[in-house]
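Here are my notes on the model, point by point. Have the coordinates open while you read.

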Amino acid sequence: MGKHIQAIRGMHDILPEAVAAWHRIEDTARRILAAYGYAEIRTPILEVTDLFKRSIGEVTDIVEKEMYSFEDRNGESLSLRPEGTASCVRAAIEHGLLVQPQRLWYRGPMFRHERPQRGRYRQFNQIGAEVFGLTGPDIDLELILLTARLWRALGLNGLRLEINSLGDPDERRLYREELVTYLEARREDLDAESLRRLHTNPLRVLDSKHPQTQKIVADAPTLMDHLGEDSLAHFQGMRHGLDQAGIPYRLNPRLVRGLDYYNRTVFEWITEDLGAQGTVCAGGRYDGLVEQLGGRATPAVGFALGLERLVELLALAGHAGEPAVHAYLVAVGDQAQLEAPLLAERLRDLLPRLRLVAHCGGGSFKSQFKKADRSGATFALVLGEAEIAKGIVGVKPLRDESDQQELGFDDLVDFLSREIESPD
Ligand code: ATP
Ligand code: MG
């Protein structure tokens, strides 16, 4: 026999027992995004490599070393998308969506050739939102409020918001020069990676993980002190909104984000519960990108959240999702085996949201209960000769010690409809 073929390192199967948590996040996010008037957009997973080089930036981790790029049969360089913003912008330009403001969202797998570890994979999933055509701090605020609502709906209380402003390109250019001068004077103490970045992408030195470099950076000049009047007013406007909405945040002058295209507002939602990979959602404004990719100058702002990290957080918080199955119908005896599918159909007609597994294949009470238990169902519904004779169905709770009941059909429908009411 041949060797087992395994999944690619850093790319994971999501097994049935984990799917409830995924659904919970995806369904909640979709509901909230729709409630704010965001429309879903679906773009291809493959794009021409140039799209990412021109948007994310040549001197970024992603483009330098993380992309899955290859030549297709026509010799064109294509890449698996490492993020969703570039594709959204390309599609919005290509289809003329930018003639009016747009609120868009997307979800799906992204690909980056990083070192796999907890919370960091080579195929991972994001949900993201992008807004085009709106310049003010009100829309930046809306995006943050939307994500805050999502955390509340998911019952996640431990996330911390960090914000910063990267100013406008001119302000950043001046700051960049000052930062390079500061770092130049201390170059012998910088780590190799930061030294390499010193002239290509010095802002990235600010979020170096290297302890020695972090010490140097702690006293470096900050961008916040270089903001002009308009950038400052924009930032204050957003902060005012956060204060009014009662959303606590921390100013982090070293929050620069890994992608080149951001300006003004940047933000991250961070947890302490996932070890080193603590950022679950990151976003910001990127007013220059549409024009950079050949579209008419259009302001833009967005965020992306990492689903794997959220799924792990939900599991830690102990609310991974609804049970996969509400009830498992046990049918013992020839007559019950024939009647059970019909009973199940009547229940499904009246309770469209009921998740009911009807046992098939016969077997003893004992073996059927074992399957009921393994299904994860909250209740076993029992139909045997005695129940048929009495015109009732037995209801046996499988997850707690509450009493067994015998219910007629109408009472059973009432009972199940109360049980399947969703908590959110
Ligand atoms: P990090 O600093 O963790 O590498 P990033 O700045 O590269 O993050 P973004 O490109 O902003 O991340 O992506 C937004 C979110 O997507 C991240 O906050 C994270 O939750 C998730 N994410 C990014 N890369 C990965 C990955 N390799 N595996 C799993 N999730 C990821
Ligand atoms: Mg990264």
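1. A word on terms before anything else: helices (H or I, at least four residues) and strands (E, at least two) are DSSP runs, numbered from the N terminus. The model is a predicted one, where local features need pLDDT of at least 70, side-chain atom pairs count only at pLDDT 80 or more, and totals for chains, interfaces and linings use all residues; side-chain values use heavy atoms, with hydrogens and water left out. Residues are numbered from 1 along each chain as its sequence is written, while chains are lettered from A and ligands numbered from 1 in the order in which they are written.

2. The overall picture. By that DSSP assignment the chain has 15 helices and 16 strands. Its C-alpha trace spans about 90 × 60 × 45 Å along the principal axes. Of the 424 residues, 50% count as buried. Here buried means under 20% relative accessible area, exposed means over 50%, and partly exposed is what falls in between (1.4 Å probe, protein chains only). The areas themselves come from the Shrake-Rupley method, and for residues only the protein chains shown count as cover.

3. The positive patch. Which residues gather in a patch of positive charge on the surface? They are Lys366, Lys370, Lys371 and Arg374. A patch is made of residues with over 30% relative accessible area and no salt bridge, with like charges joined within 9 Å and nonpolar side chains (Val, Leu, Ile, Met, Phe, Trp, Tyr) within 5 Å. Lys and Arg count as positive and Asp and Glu as negative, with His and the chain ends not counted. The place of a charge is taken as NZ of Lys, CZ of Arg, CG of Asp or CD of Glu. Lys371 sits in helix H13, residues 365-374. This lysine counts as partly exposed because its relative accessibility is 40%.

4. Salt bridges around Arg90. The whole structure contains 26 salt bridges, each being a side-chain nitrogen of Lys or Arg within 4 Å of a carboxyl oxygen of Asp or Glu. In one of them Arg90 pairs with Glu47, and the closest N and O atoms are 2.7 Å apart. Arg90 and Glu94 are four residues apart in helix H4, so about one helical turn separates them. Glu94 counts as exposed because its relative accessibility is 52%.

5. Glu193 and Arg197 form a salt bridge with an N to O distance of 3.5 Å. They are four residues apart in helix H7 (residues 192-197), so they too are separated by about one helical turn. Is Arg197 buried or exposed? With a relative accessible area of 6%, Arg197 is buried, whereas Glu193, at 31% relative accessibility, is partly exposed. Salt bridges that share partners join Asp61, Glu64, Lys65, Glu193, Arg196 and Arg197 into one network.

6. Aromatic pairs. A pair of aromatic rings is described by the distance of the centres and the angle of the planes. Rings of Phe, Tyr and Trp (its six-membered ring) pair if their centres lie within 6.5 Å; planes under 30 degrees apart count as stacked, over 60 as edge-to-face and the rest as tilted. The structure has four such pairs. One of them is Trp151 with Trp269, edge-to-face at 5.9 Å centre to centre and 75 degrees between the planes. Trp151 in helix H5 (residues 137-154) and Trp269 in strand S9 (residues 263-270) are 118 residues apart, so to speak a link between distant parts of the chain. Both tryptophans, Trp151 and Trp269, are buried. Phe379 and Phe415 have ring centres 5.0 Å apart and planes at 75 degrees, so this pair is edge-to-face. Phe379 lies in strand S14 (residues 379-383) and Phe415 in helix H15 (residues 409-419), so the pair ties together parts 36 residues apart in sequence. Phe379 counts as buried at 8% relative accessibility, and Phe415 does at 10%.

7. Two C-alpha distances to look at. Val19, in helix H1 (residues 16-35), has its C-alpha 9.4 Å from that of Val311, 292 residues apart along the chain. Lys390 is in helix H14 (residues 385-390), and its C-alpha lies 9.7 Å from that of Glu406, 16 residues apart in sequence.

How values were computed. Accessible areas come from the Shrake-Rupley method with a 1.4 Å probe; for residues, only the protein chains shown count as cover.
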